[in-house]
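Student: Could we go through this one together, a bit at a time? I'd like to ask about single residues as well as the whole chain.

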Amino acid sequence: MVQMPRREYRGRAPSTSASSRPIRLISPDAVLKRRRANSFELATLLCSFLIGNGFAALVVSGYATREVANNDQRRVSCPFVPEEVEESDEEVKPTPPNKYQLRQPPDLRSQYLLTIEEEKVAKLRAEETNREAAAREELERQEQPPHDPKRGHRVHAWVAILHNAPWCYKPGYRESTTDPITGEKIRPPPSAFFLEPSTGFRHEPSSPNYLAIESVWNQHNYYVNKQDPAAGIAAMRWDLACGADWEHFLPGEPYELREDCVIPEDQDPLTTDEEIEKEKHLDLPISWVRPLNVSRPDFERRFPEDGTKVIYFKRTIYERFAPYRNLIGLVQRLTTYETLDYQGPITRWEWYENRDDLLHQVRIDYRTDETEERFNKGRPDCLRSLRHRAAPNDEYVLKFFYQYRFDALRTLIYHATYIKEHYDRRDDLLHYREFQNIPKDPVTKEPSKLTHIMEKFHQNPNKVPVKDIAIRNCFIRENKIKLQFHYGEDCITASTREFIKPPKSEMGEEVPYDPSCTSGYVSNPWDPQPTQLDLFLLLKEQLKAEEQSSRAFCRRVVEIDTMLSERRKQTDSPRLTSSLYDPLRNEEARQLRLAKYEAAKAREEQLKQQQADFLAPYFLRLGDTKKRPPTRAQVMRLYRDCTADLRKFYQRLEEELRNRCDDLITEEQSLKRFLSRFQQHFEDAEYERFIAEGETLERNKHILQMRLENIQDEYRRKADHLKQALREDERLKPFFSAELAECEPSERSDYGGD
């Protein structure tokens, strides 16, 4: 499987003559090295990659328009212009219909005059539509390319991909339908679509860019088109097995293309291959082209020249840059213009990658002088986009990923004289807050002063409307707090309340309350009027909320100043990041990881080759043997303990297996007694089930007996190996004497086996 090449990896070289085919073609491997080729070489390279990926691809030789043959896209609309989708900050909820609606007042105007007025308006609209259509037609006429005297004679090559090709097994490119009469599965006739190798764009057969087809070829055969060229490419049939439409050049093509490709059941499958061998009269040479491979550095550099590529579309210039080509991380730039000669820029989009500040896209509108920056997820401030305009309207619109912020801030609009905040899904149901202030004095450096706070809340279903605040207005200069509550059921007005705050000089630990300093209105006359205690508690609550909002304003100003200052630093001195697993930029880290891996692998191999040290845990009991060498008695005790531990381990295993074997014998005997006593009371199926259970018990007992014998043999083998290893141990050789030989007979007698 080979990887699909990107169309920007290779360049386009014009043919020597527009009406003649090239006299020679270089190999696809040479095209990858030169990165410059004509249309036939590019089509062959692209077709090779597509065939390697399982597509039924063909190289098409035919005739195309002047623009396609010369790779001139200045009359083609740019397909990469992003579509602007307006994002609404607030969800628009549909309002339920109200059955209690006032009737519309009667229309007392003259219907005759209204009809005359409508006819005038319709006439003006029709004239405006005709003028726009005429202007559009005139513009299209002026933008049409000049007459091509060689139209229909410009040779070009492109790639065709077939649907429902007999030799294609790519998922999604081979379909079958069911015959409604017979119910059998039938394969629709093959169809095709085109790929332009110089641009990578897809075209349908009805595209006006391609005029005629002479021949096609792939890895199987070379096919000459025999269909009427006057019918056009859109009416062409793509069944290559049909001899009336296509003439194959080489005999012996795969049997999938033959009309009698279904092999009878009584026929040897090799017969078809033998027939093909009989028809074959030419052995093609083995391909001399090396496997197509694009190295990692070349794939990253992508573009043939210096890592950049510029494409001129209709009123659009599209620029591409290789990753890490520039220090700001720019990879794409698209600019739209007003005229065909690229005068008067309208909008510019820039795309970035590998930025430390996670900048993804920048949009510049030259008409409104507005700049918008968009970021990916992962920033500490959760910033999503930043939009601002130049002076005098120095306003910043910041949008955040509110799901990851503790304050659930969605949108922030910042100006020197006001701050607007939009929230989403807060616990306190706050969804909008606005601060109005006197801007900071640039001369005296006096900080900004807050003058007005307005907060809006969603309705709380757990509160009665007369106590559920909808809008809170805090007038700092006027020393007033105005509240508006949510609308109650069947109410056309909302309850309100206004407080005049006491002077700060009179406010101590307790808030002074004057009933004359408050006024309000209750919309529902059946709701109880608030008491003085309720109003006093409400005033304390609003004073506390105002203080919290004032502190939130100070924090927000500091946060905005810090964020904008940080953005200016990131814009002036951008930094790029690279992945830890990027071999082109983290070669040292990669070599270090490989060295650690090789060291760990070598250590594992060394441990596998080393002999096990049986005495290591026993020598630890003696402490540091270098400072205090062990005595003969200690060494003999170590030897006996080591052999005894091995013997005890196998004794426990043998005891466990014997107990399990005894349990099976007891269960088998009880089953035999049960069957001999109640044999006449069982049906045949139940009796056979008991017999099968007895056979299972017998088989398990036999397995346990074999495991007992294997364990005894394994113990004898390992005991001999342990004694041999202990005799050859350098630490025990000086202490070996006749005592060791005396220990051996007793060891054999301790572990008895059947």
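Student: Which residues does T493 touch, leaving out residues up to four places away in sequence?

Tutor: Before that, note that this is a predicted model, where local features need pLDDT of at least 70, side-chain atom pairs count only at pLDDT 80 or more, and totals for chains, interfaces and linings use all residues. Residues are numbered from 1 along each chain as its sequence is written, and side-chain values use heavy atoms, with hydrogens and water left out. Contact here means heavy atoms within 4.5 Å. On that basis, T493 touches Y487, Y521 and S523.

Student: What distance joins the side chains of T493 and Y521?

Tutor: The two are 28 residues apart along the chain, with C-alpha atoms separated by 9.8 Å. Their side chains make a polar contact, that is, a pair of N or O atoms within 3.5 Å; within protein, one must be able to donate a hydrogen and the other to accept it, and residues adjacent in sequence count only if both atoms are side-chain atoms. The side chains of T493 and Y521 are joined at 3.0 Å.

Student: Is S495 buried or exposed?

Tutor: S495 sits in the loop between strand 25 (480–485) and strand 26 (496–500), and T493 lies in that loop too. Strands (E, at least two residues) and helices (H or I, at least four) are DSSP runs, numbered from the N terminus. Buried means under 20% relative accessible area, exposed over 50%, and partly exposed in between (1.4 Å probe, protein chains only). T493, with 32%, is partly exposed; S495 has a relative accessibility of 3%, so S495 is buried.

Student: Which residue's backbone nitrogen does the side chain of S495 reach?

Tutor: Leaving out residues up to four places away in sequence, S495 touches V466, L483, Q484, F485, Y521, V522 and S523. The backbone nitrogen that its side chain reaches, at 3.1 Å, belongs to S523.

Student: What is the phi of N164?

Tutor: N164 lies in the loop between strand 4 (155–163) and strand 5 (177–178). With 5% relative accessibility, N164 counts as buried. N164 is not a glycine, yet its phi is positive, at about 60°.

Student: And where is D369 found?

Tutor: D369 is a residue other than glycine with a positive phi, near 55°. Its relative accessible area is 46%, so D369 is partly exposed. D369 is found in the loop between strand 16 (359–365) and strand 17 (370–375).

Student: What is the relative accessibility of T336?

Tutor: T336 lies in strand 14 (residues 330–337). Residues that T336 touches include V81, R315 and W349. T336 counts as buried, because its relative accessibility is 13%.

Student: How is helix 10 oriented relative to helix 11?

Tutor: Helix 10 (residues 632–678) and helix 11 (residues 684–728) pack with their axes 10 Å apart, at an angle of about 170°. Axes are lines fitted to C-alpha atoms, for helices over the stretch in contact, and angles run from 0 to 180 degrees between N-to-C directions. Angles under 35 degrees count as roughly parallel, over 145 as roughly antiparallel, 65 to 115 as roughly perpendicular and the rest as oblique. So helix 10 and helix 11 are roughly antiparallel.

Student: Last one: what share of the residues in the protein is buried?

Tutor: The protein has 12 helices and 27 strands. Of its 754 residues, the buried share is 36%.
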